[in-house]
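Please look over the sequence and the structure before reading on.

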Amino acid sequence: MRKYRAAVLRAISIVAVVACLIIFARKLNWRELGADLAHARVLPLVVVGVINYGLLLGKAVAWRIMLAPRHEVSTGRLMRYTIVAFAASVVAPARAGELLRVLLLKRRDNVPTADVAGVAIAEKLLDGVTMLILVAPLPWLLPDLARWVATSIAICAAVAIAAFVVLSILVRRIHIGEGSSWLARFVAGMHVLRSGRRLAGVMAALFGVWLIDWI
């Protein structure tokens, strides 16, 4: 029965992706796309494509630090999972590729879903924090910057800091054991927030990701 459900779910997923691709293809202006590609400079595109793998490597390093020490998954393996997740998100709606990474870690590395979900949320939070740190000087460096941009940066920074503080407190206070709820294990999966050294390592990797994206 389990194999039957898996087969049905896989079939539904394939149909959903194909349907999304058909909708995407119908809305695309192929004539304009062909004209743009005909005048595109190949070398800069190749360089950018190669540099982009540095971004994926930074993400993989961040995930390895956040999964350890409970789950030891090699950077190379996580790099492949990250490539798969990003590639799937290109064709699947709502960044559904992230779910594929959860599935791969669970099936191939025996990492519980709650732990992977906790790491994913922690990564998004820290990703946002590092981005906000990089863009925080903009209102002072660019005096003509629209007021709504500066206000948006301030609001996002306040929300990110509040979420960081709340989650850090929860992670330090929660203790999991046999019979712990899925929610408790999910929060415990963000254990990187209570280790200053590992947190600094993740932040450094994500800073590198944003700098590569900037380049």
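Which residues make a nonpolar surface patch of about 470 Å²? The patch is made by Met1, Tyr4, Val8 and Ile12. Patches consist of residues with over 30% relative accessible area and no salt bridge, where like charges are joined within 9 Å and nonpolar side chains (Val, Leu, Ile, Met, Phe, Trp, Tyr) within 5 Å. Accessible areas come from the Shrake-Rupley method with a 1.4 Å probe, and for residues only the protein chains shown count as cover.

The model is predicted: local features need pLDDT of at least 70 and side-chain atom pairs count only at pLDDT 80 or more, while totals for chains, interfaces and linings use all residues. Residues are numbered from 1 along each chain as its sequence is written, and side-chain values use heavy atoms, with hydrogens and water left out.

Tyr4, one of the patch residues, lies in helix H1 (residues 2-27). Helices (H or I, at least four residues) and strands (E, at least two) are DSSP runs, numbered from the N terminus. Tyr4 has a relative accessible area of 57% and is exposed. Buried means under 20% relative accessible area, exposed over 50%, and partly exposed in between (1.4 Å probe, protein chains only).

## Salt bridges

A salt bridge is a side-chain nitrogen of Lys or Arg within 4 Å of a carboxyl oxygen of Asp or Glu. By this rule the count is five salt bridges. The table lists some of them.

| Pair | Closest N to O distance |
|---|---|
| Arg77 and Asp109 | 2.9 Å |
| Lys124 and Glu98 | 3.7 Å |

Lys59 is buried at 6% relative accessibility, and Glu123 is buried at 1%. Lys59, Glu123 and Asp127 are linked in a network of salt bridges.

Arg77 and Asp109 form another salt bridge. Arg77 belongs to helix H4 (residues 75-91) and Asp109 to helix H5 (residues 97-109), so this pair ties together parts that are 32 residues apart in sequence. Arg77 is partly exposed, with 25% relative accessibility.

Lys124 is paired with Glu98. Lys124 lies in helix H6 and Glu98 in helix H5, so the pair ties together parts that are 26 residues apart in sequence. Lys124 counts as partly exposed at 39% relative accessibility, whereas Glu98 counts as buried at 16%.

## The nonpolar core

A nonpolar core is a set of buried Ala, Val, Leu, Ile, Met, Phe, Trp, Tyr and Cys residues joined through side-chain atoms within 4.5 Å. The largest such core has 38 residues, and those with the most contacts inside it include Trp63, Leu78 and Leu105. At least two residues of this core come from each of H3, H4, H5, H6, helix H8 (147-173), helix H9 (182-188) and helix H10 (196-214). H6 gives the most, with nine residues.

Contact means heavy atoms within 4.5 Å. Leu78 is in helix H4 and is buried, at 1% relative accessibility. Not counting residues up to four places away in sequence, Leu78 touches Ala60, Trp63, Arg64, Leu67, Val73 and Leu105. Leu78 and Val47 are 31 residues apart in sequence, and their C-alpha atoms are 23 Å apart in space.

## Loops between helices

What does His71 contact? Leaving aside neighbours within four places in sequence, His71 is in contact with Val111, Pro112 and Asp115. His71 lies in the loop between H3 and H4 and is buried, at 16% relative accessibility. The side chains of His71 and Asp115 are joined by a polar contact of 2.9 Å. A polar contact is a pair of N or O atoms within 3.5 Å; within protein, one must be able to donate a hydrogen and the other to accept it, and residues adjacent in sequence count only if both atoms are side-chain atoms.

Most residues other than glycine have a negative phi, and most peptide bonds are trans. The peptide bond from Ala68 to Pro69 is cis, with omega near 0 degrees. Pro69 is in the loop between H3 and H4. Asn110, which is not a glycine, has a positive phi of about 55 degrees. Asn110 lies in the loop between H5 and H6 and is exposed, at 64% relative accessibility.
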